[in-house]
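Hi everyone, thanks for coming. Let me put the sequence and the structure up on the screen, and then we can walk through them together.

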Amino acid sequence: LDLADNYFAKADYHSALSHYTLAAAGGKQLPRLYVGMGDTLRLSGQPESAEIAYQNALVEDANLTRAHIGLAILATNKGELDTAIASYQKAIDSSTTSIEPYLGIGRIYTEQKRHSDAIAAYQIVVLYHSQNGMAWAGLGQNWLALGNREEALTAFERALLCTPVAATTY
């Protein structure tokens, strides 16, 4: 599995998938294997197979944050935002340390013009990770949408201090 993970980290998805498949054939039915396969399949353009891999991971461990996040990303890509929100919420419920579900749910709430909900999600991120430029940029965008220019300007300034590219994302 470590070799597959190394290939994945290098974005060599073909080699990663080959090694995940070998590990699975060897009888290893670990949640980590399924999540690795799911991420690899998702990033290599095979969303249906990725979904199966994430579901298999959740059979092994129903509270596996990474699998819930993977399913949320797949649902978002299909435009199934309510399903994505539900998956992100399961990820939030299963982990007290991961900020990724809060960023994902914040983006969806922003898209749905649920600005107060998006602000709440992004505020959780910056509470624990004050240097997260994407969260500050998301706060700025949503404060601006609600007409609070002063808060928006402050948030965009923080985004620029954290990650100059983050503020231009929005």
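Some housekeeping. This is a predicted model, so to speak about local features we need pLDDT of at least 70, and side-chain atom pairs count only at pLDDT 80 or more, while totals for chains, interfaces and linings use all residues. Residues are numbered from 1 along each chain as its sequence is written, and side-chain values use heavy atoms, with hydrogens and water left out.

Okay, the overall picture. The protein chain has eleven helices and zero strands; helices here are DSSP runs of H or I with at least four residues, strands are E runs of at least two, and the numbering goes from the N terminus. The C-alpha atoms fill a box of roughly 60 × 30 × 25 Å along the principal axes. Of the 170 residues, 43% are buried, meaning under 20% relative accessible area with a 1.4 Å probe, protein chains only.

Now look at helix α7, residues 100-111, and helix α8, residues 115-128. How do they pack? Their angle is about 160°, and their axes are 8 Å apart. Those axes are lines fitted to C-alpha atoms over the stretch in contact, with angles between N-to-C directions running from 0 to 180 degrees. So α7 and α8 are roughly antiparallel, the word for angles over 145 degrees.

Who touches whom? On the α7 side we have Y102, L103, I105, G106, R107, Y109 and T110, and they meet H115, D117, A118, A121, Y122, I124 and V125 in α8. Contact means heavy atoms within 4.5 Å. By class, that is nine nonpolar, three polar and two charged residues.

Next, Y54, which sits in helix α4, residues 47-60. Is Y54 buried or exposed? Buried, with a relative accessible area of 0%. Leaving out residues up to four places away in sequence, Y54 touches a whole list, including Y34, D39, R66 and L74. R42 is also one of them, and the side chains of Y54 and R42 are joined by a polar contact of 3.1 Å; that term means a pair of N or O atoms within 3.5 Å, one able to donate a hydrogen and the other to accept it, with sequence neighbours counted only if both atoms are side-chain atoms.

Last one: T65, in helix α5, residues 65-77. T65 counts as buried too, at 13% relative accessibility.

Conventions:
Angles under 35 degrees count as roughly parallel, over 145 as roughly antiparallel, 65 to 115 as roughly perpendicular and the rest as oblique. Ala, Val, Leu, Ile, Met, Phe, Trp, Tyr, Cys and Pro count as nonpolar, Asp, Glu, Lys and Arg as charged, and the others, Gly among them, as polar. Buried means under 20% relative accessible area, exposed over 50%, partly exposed in between (1.4 Å probe, protein chains only).
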